[in-house]
Amino acid sequence: YYEIDSLINYMLDEVREQLSDLKVKIAIPHNLDFSKYYLNIILGNLLENAIYAAVHSSERFLHINIKVEKGIFCLEIINSYDGEIRMEGDRLISNHGIGIQNVKRIIEDMHGELRINTDNNRFRANAFVYLNQ
């Protein structure tokens with residue numbers, strides 16, 4: 001899937017050397033039935049936040065895993081962060097872009113789910129979207 005590969009390479013181009021632990025794994029079919037527009041919004045925003053947090057943390061850890069499994073598009077981004085999570089009420093505030101809440105709304109509009117977990121200075125974003133079969 002050219003768009004995913006291009007976006008990830010573009011976003012990582014300037015920071016690749018700054019990350020001490022970077023892993024990217026993409027295993028999706030070439031004929032993926034998924035809106036390229038929404039995919040760029042979702043991946044771009046989550047990845048921008050993850051890169052910023054990872055580069056500005058002491059551990060500099062970023063893992064990206066994208067796959068399609070049993071008709072579900074699965075995106076997982078795990079990154080290190082400095083231990084500070086910005087909250088506004090019960091809403092997580094991102095550093096850049098349109099915000100994680102808007103990404104969550106887009107994913108939910110596509111009948112998917114966004115799960116966010118933080119533990120031991122690791123930020124984990126998991127997005128699941130059920131594909132049209």
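Biologist: Which residues does the face of H1 turned away from its buried side carry?

Modeller: That face of H1 carries the exposed residues Tyr2 and Tyr10. Buried means under 20% relative accessible area, exposed over 50%, and partly exposed in between, with a 1.4 Å probe and protein chains only. The model is a predicted one, in which local features need pLDDT of at least 70 and side-chain atom pairs count only at pLDDT 80 or more, whereas totals for chains, interfaces and linings use all residues. Residues are numbered from 1 along each chain as its sequence is written, and side-chain values use heavy atoms, with hydrogens and water left out.

Biologist: What makes H1 a helix, and which of its residues are buried?

Modeller: Helices (H or I, at least four residues) and strands (E, at least two) are DSSP runs, numbered from the N terminus. H1 covers residues 2–12, and its buried residues are Ile4, Leu7, Ile8, Met11 and Leu12.

Biologist: Why are these buried residues said to line one face of the helix?

Modeller: Seen down the axis of H1, the buried residues fall within an arc of 115°, so they line one face. The arc is that of the directions from the helix axis to the C-beta atoms.

Biologist: What do the buried residues of H1 pack against?

Modeller: They pack against strand S1 (21–27), H2, strand S2 (61–69) and strand S3 (72–80). Contact means heavy atoms within 4.5 Å.

Biologist: Why is H1 called roughly parallel to H2?

Modeller: The axes of H1 and H2 (residues 36–55) come within 10 Å and cross at roughly 25°. That angle makes H1 roughly parallel to H2, because angles under 35 degrees count as roughly parallel, over 145 as roughly antiparallel, 65 to 115 as roughly perpendicular and the rest as oblique. Axes are lines fitted to C-alpha atoms, for helices over the stretch in contact, and angles run from 0 to 180 degrees between N-to-C directions.

Biologist: Which hand does the crossing of H1 and H2 have, and which residues meet there?

Modeller: The crossing is right-handed; the term applies if the near helix is turned clockwise from the far one by less than a right angle, and left-handed if anticlockwise. From H1, Glu3, Ile4, Leu7, Ile8, Met11 and Leu12 meet Lys36, Leu39, Asn40, Leu43, Gly44, Leu47, Glu48 and Ile51 of H2. By class, the residues of this contact are 9 nonpolar, 2 polar and 3 charged. Ala, Val, Leu, Ile, Met, Phe, Trp, Tyr, Cys and Pro count as nonpolar, Asp, Glu, Lys and Arg as charged, and the others, Gly among them, as polar.

Biologist: What makes H2 roughly antiparallel to H3?

Modeller: H2 and H3 (residues 100–109) pack at an angle of about 150°, with their axes 10 Å apart. This angle makes H2 roughly antiparallel to H3, and the crossing is left-handed. Here Tyr38, Ile41, Ile42, Asn45, Leu46 and Asn49 in H2 meet Ile100, Val103, Ile106 and Ile107 in H3. The contact of H2 with H3 has 8 nonpolar, 2 polar and no charged residues.

Biologist: Why is Leu75 called buried?

Modeller: Leu75 has a relative accessible area of 2%, so the residue is buried. Leu75 is placed in strand S3, and among the residues it touches are Ile42, Leu43, Leu46 and Ala125. Its C-alpha atom is separated by 8.2 Å from that of Leu43, 32 residues apart along the chain.

Biologist: How do you know whether Met110 is buried or exposed?

Modeller: Met110 has a relative accessible area of 19%, so it counts as buried. Met110 is found in the loop between H3 and S6, and its contacts beyond four places in sequence are Phe34, Tyr38, Ile42, Val129 and Tyr130.

Biologist: What makes Arg60 partly exposed?

Modeller: Arg60 counts as partly exposed because its relative accessibility is 30%. This residue lies in the loop between H2 and S2, and its phi is near 55°, a positive value in a residue other than glycine.

Biologist: Why is Asn120 described as exposed?

Modeller: The relative accessible area of Asn120 is 66%, so the residue is exposed. Asn120 sits in the loop between strand S6 (112–119) and strand S7 (122–130), and its phi is near 50°, a positive value too.
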